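Please read the points below with the sequence and the 3D structure in view.

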Amino acid sequence: MQTAMTVLEVICSLIGWLCLYLLFCWAFSKRGPEWNCRLVTFTHGVLIVLLTAYVVFVDGPWPFTHAGTENTELQTLALAVCLGYFFFDLGWCVCYRTEGPVMMAHHAASILGILLALSMGVSGCETCCVIFGSEITNPLLQTRWFLRQLGLYDSLLGDAVDLLFILLFAFVRVGVGTVMFYCELTSSRTSLIMKLGGVVMYGLAWVFMVDIARFGYKKSRAKYRKWKENHKCQEESAKKLIGFSENS
């Protein structure tokens with residue numbers, strides 16, 4: 001009975017995200033499919049972060065001390081909502097071929113991990129914790145893409161979004177994620193297959209972190225060069241102005 005209810009929740013979630021996508025396609029008909037898909041992704045990111053935050057920090061149990069425990073109803077609901085979205089997003093990515101192998105591997109690993117937690121009925125608390133850490137930066141990532149499309153990325157707002165994204169990713173997904181990974185590996189209740197899943201997700205987090213660090217370094221260098229050029233131009237303009245004043 002519980003398994004049938006969980007399957008129904010996942011199906012309803014998938015249908016819900018698909019309907020939201022179709023609604024966005026109707027409302028923003030002049031925009032492309034990726035615009036509307038990213039709107040769905042942004043909506044899911046905000047919703048699932050709020051839901052998993054409540055599961056982890058309010059409803060409990062605490063994932064760092066209760067990894068591998070039996071799933072609660074709210075944990076199951078959160079996992080079902082997230083799984084339905086991942087099925088939708090994976091199907092969209094396959095259809096439009098927009099993502100590379102690393103992101104597709106992340107999608108596949110996320111789906112498999114949630115499926116295992118739901119089918120076994122355990123490890124929901126740490127899975128929700130991983131989802132919270134993985135999705136907390138997603139709205140910022142989508143905001144960055146929308147700013148680029150609207151021509152507003154090269155601004156103070158774009159710099160703030162990038163900086164916040166990098167800091168959140170490093171602190172939550174790598175910093176707190178390392179603690180969660182250690183707790184899961186050392187937990188006697190967590191099954192071996194869930195531990196292996198944790199290894200895969202933790203490894204993917206570091207792959208993303210390396211790419212983000214490279215991006216941050218390149219952008220910082222570009223900003224510094226631009227600042228030096230502007231500073232040099234200002235100095236030359238000031239010298240010309242002083243020279244003109246002295247000659248006159």
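**Note on the predicted model**

1. In residues 196–217, the chain is 100% helix and 0% strand, and the end C-alpha atoms lie 32 Å apart. Helices here are DSSP runs of H or I with at least four residues, strands are runs of E with at least two, and both are numbered from the N terminus. This is a predicted model, in which local features need pLDDT of at least 70 and side-chain atom pairs count only at pLDDT 80 or more, whereas totals for chains, interfaces and linings use all residues. Residues are numbered from 1 along each chain, and side-chain values use heavy atoms, without hydrogens or water.

2. Residues 108–133 are 88% helix and 0% strand, with end C-alpha atoms 17 Å apart.

3. The axes of helix α2 (residues 33–59) and helix α3 (residues 73–96) come within 10 Å and cross at roughly 160°. Axes are lines fitted to C-alpha atoms, for helices over the stretch in contact, with angles from 0 to 180 degrees between N-to-C directions. The crossing therefore makes α2 roughly antiparallel to α3 (an angle over 145 degrees).

4. How many disulfides are there? The count is zero, a disulfide being a pair of cysteine sulfur atoms within 2.5 Å. The sulfur of cysteine 93 is 6.1 Å from the closest cysteine sulfur, in cysteine 37, which is too far for a bond.

5. Are these two cysteines buried or exposed? Cysteine 37 is buried, at 4% relative accessible area, and cysteine 93 is buried at 3%. Buried means under 20% relative accessible area, exposed over 50%, and partly exposed in between (1.4 Å probe, protein chains only).

Notes: Parallel < 35°, antiparallel > 145°, perpendicular 65-115°, else oblique.
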